[in-house]
Amino acid sequence: MTNQDQKLLSIQKLAILGSTGSIGTQALDIVRQHPDKFEIVALTAHSNWELLAEQVNEFQPRYTVISDEEHVEVLSDTVSDTEVLSGSTELADIASLDEVDTVLNALVGFAGFESTLSAINAGKKVALANKESLVVGGALIKNALQQSGAQLLPVDSEHSAMFQCLTGENRKDIEKIIITASGGPFRELNRSEMQEVTVEQALDHPNWNMGAKITIDSATMMNKGLEIIEAHWLFDLPVKQIEPVIHPQSIIHSMITFVDGSSKAQLGLPDMKVPIIYALSYPERWTLDTPRMDWKEAQNLTFEPVDYEKFPCVKLAMDSITEGPYAPAVLNAANEVAVDRFLKREIGYIDIPKIVEKSLANIQSKDSLNVETLKEIDKETRSYAESLTK
């Protein structure tokens with residue numbers, strides 16, 4: 001085999017689902033830093049056709065998907081040398097393409113689940129930034145991984161930290177996973193003050209720059225509840241062994257305590273490019289041009305317990321794991337509706353957990369877990385949650 005052949009084999013053929021979002025754009029920054037390691041096969045977006053067109057013209061992917069069909073014509077007129085596809089159903093097909101080695105799923109919401117499952121069934125390496133894939137269908141994802149031999153690597157900063165701490169360790173030696181949370185912008189507010197929270201305040205995260213939906217989830221701490229469900233499936237641990245703690249500085253991204261009493265932590269400045277590049281490069285580590293911690297400076301790292309009365313979404317998520325196979329899907333769908341209505345100023349901030357709790361109490365199914373029933377539960381929950389916002 002020639003050096004050129006080896007180089008071609010080492011190039012990852014990458015599909016980025018959600019390339020115009022925060023994770024997708026940062027992933028493309030990594031591709032720019034390592035152009036010899038990637039070939040972009042597909043880029044997708046929901047409606048941001050202008051940025052998608054810029055990306056397509058720069059990276060020349062073979063396929064381009066715009067989910068919002070009303071932008072197909074203008075996108076097609078703006079790009080060249082790519083096959084423009086439309087509609088959300090195309091995403092799962094892109095994820096399973098023979099030409100693709102690695103799928104970075106940076107989609108937001110339940111829409112990302114089928115693409116994750118499709119990629120896994122096709123035996124791909126999946127870099128997963130879509131929380132909802134494991135939240136709504138963790139058991140189905142786990143079963144598909146066992147059957148296909150695909151590789152699932154977490155892109156969330158917390159789960160990447162757990163994964164890095166566990167590399168070289170025996171999973172049976174885990175005593176507890178400690179998942180850290182910044183506490184968001186309302187950590188120091190009392191419940192009465194939370195009644196007056198505005199959309200602008202909720203979108204002003206102290207540490208991270210993320211999309212609107214994820215930022216609101218961080219403010220309510222629903223994101224931490226969803227991450228606990230993810231960790232439950234990723235590492236095959238009961239919820240009682242996954243403990244959330246408030247760590248306002250967001251320097252320690254997660255910790256593992258082992259049965260001998262020792263703990264390991266992964267630390268770094270808040271920067272999503274670090275977990276993205278680790279998922280793409282694993283089992284190697286590649287260079288990354290990003291700020292480093294200056295350990296010569298004094299550091300103040302503090303921790304405190306989660307107040308479940310102030311942040312009921314965390315407890316709702318943790319409890320959903322034992323409330324039946326469809327409860328996390330109900331939790332997720334109701335939360336998506338409630339966050340959307342809050343962003344549109346149709347409900348208050350404190351109404352978000354109320355809508356989720358009522359949905360969990362009213363939407364149930366005794367059917368065995370499968371994709372079609374998941375879709376039905378998701379649709380039914382959204383309809384019910386929307387009725388609560390009117």
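A crossing of two helices is called left-handed if the near helix is turned anticlockwise from the far one by less than a right angle, and right-handed if it is turned clockwise. Welcome to a predicted model, in which local features need pLDDT of at least 70 and side-chain atom pairs count only at pLDDT 80 or more, while totals for chains, interfaces and linings use all residues. Residues are numbered from 1 along each chain as its sequence is written, and side-chain values use heavy atoms, with hydrogens and water left out.

**View 1. Helix H8 packs against helix H12.** Helices (H or I, at least four residues) and strands (E, at least two) are DSSP runs, numbered from the N terminus. H8 spans residues 157-166 and H12 spans residues 222-234; their axes lie 10 Å apart, at an angle of about 30°. That angle makes the two helices, H8 and H12, roughly parallel. Here, angles under 35 degrees count as roughly parallel, over 145 as roughly antiparallel, 65 to 115 as roughly perpendicular and the rest as oblique. Axes are lines fitted to C-alpha atoms, for helices over the stretch in contact, and angles run from 0 to 180 degrees between N-to-C directions. The crossing of H8 with H12 is right-handed. On the H8 side look for Glu-158, His-159 and Met-162, which meet Lys-224, Glu-227, Glu-230, Ala-231 and Leu-234 of H12. Contact means heavy atoms within 4.5 Å. By class, the contact of H8 with H12 holds three nonpolar, one polar and four charged residues. Ala, Val, Leu, Ile, Met, Phe, Trp, Tyr, Cys and Pro count as nonpolar, Asp, Glu, Lys and Arg as charged, and the others, Gly among them, as polar.

**View 2. Helices H16 and H17 cross at roughly 130°.** H16 covers residues 351-362 and H17 covers residues 371-388, and their axes come within 10 Å. The two helices, H16 and H17, are therefore oblique to each other, and their crossing is right-handed. Ile-355, Lys-358, Ser-359 and Asn-362 of H16 make the contact with Thr-381, Tyr-384, Ala-385 and Leu-388 of H17. Four nonpolar, three polar and one charged residues take part in the contact of H16 with H17.

**View 3. Helix H2 meets helix H13.** The axes of H2 (residues 22-33) and H13 come within 10 Å and cross at roughly 65°. This crossing of H2 and H13 is right-handed as well. From H2, the contact uses Ile-23, Gln-26, Ala-27, Asp-29 and Ile-30, and from H13 it uses Lys-273, Ile-276 and Ile-277. The contact of H2 with H13 is made up of five nonpolar, one polar and two charged residues.

**View 4. Asp-68 sits in a loop.** Leaving aside residues up to four places away in sequence, Asp-68 touches His-46 and Ser-47. Asp-68 and Ser-47 are 21 residues apart in sequence, yet 5.3 Å apart in space, C-alpha to C-alpha.

**View 5. Two backbone details to look for.** Most residues other than glycine have a negative phi, and most peptide bonds are trans. Tyr-282 and Pro-283 are joined by a cis peptide bond, with omega about 10°. Pro-283 lies in the loop between helix H13 (273-281) and strand E12 (304-305). Ser-250 has a positive phi, near 55°, and is found in the loop between strand E9 (242-246) and strand E10 (252-258).

**View 6. Domain 1 faces domain 2 through residue contacts.** Domain 1 takes in 12-154, and domain 2 takes in 169-268 + 294-323; domain bounds come from an automatic or database domain assignment. Their C-alpha centres, those of domain 1 and domain 2, lie 27 Å apart. Eleven residues of domain 1 are in contact with twelve residues of domain 2.
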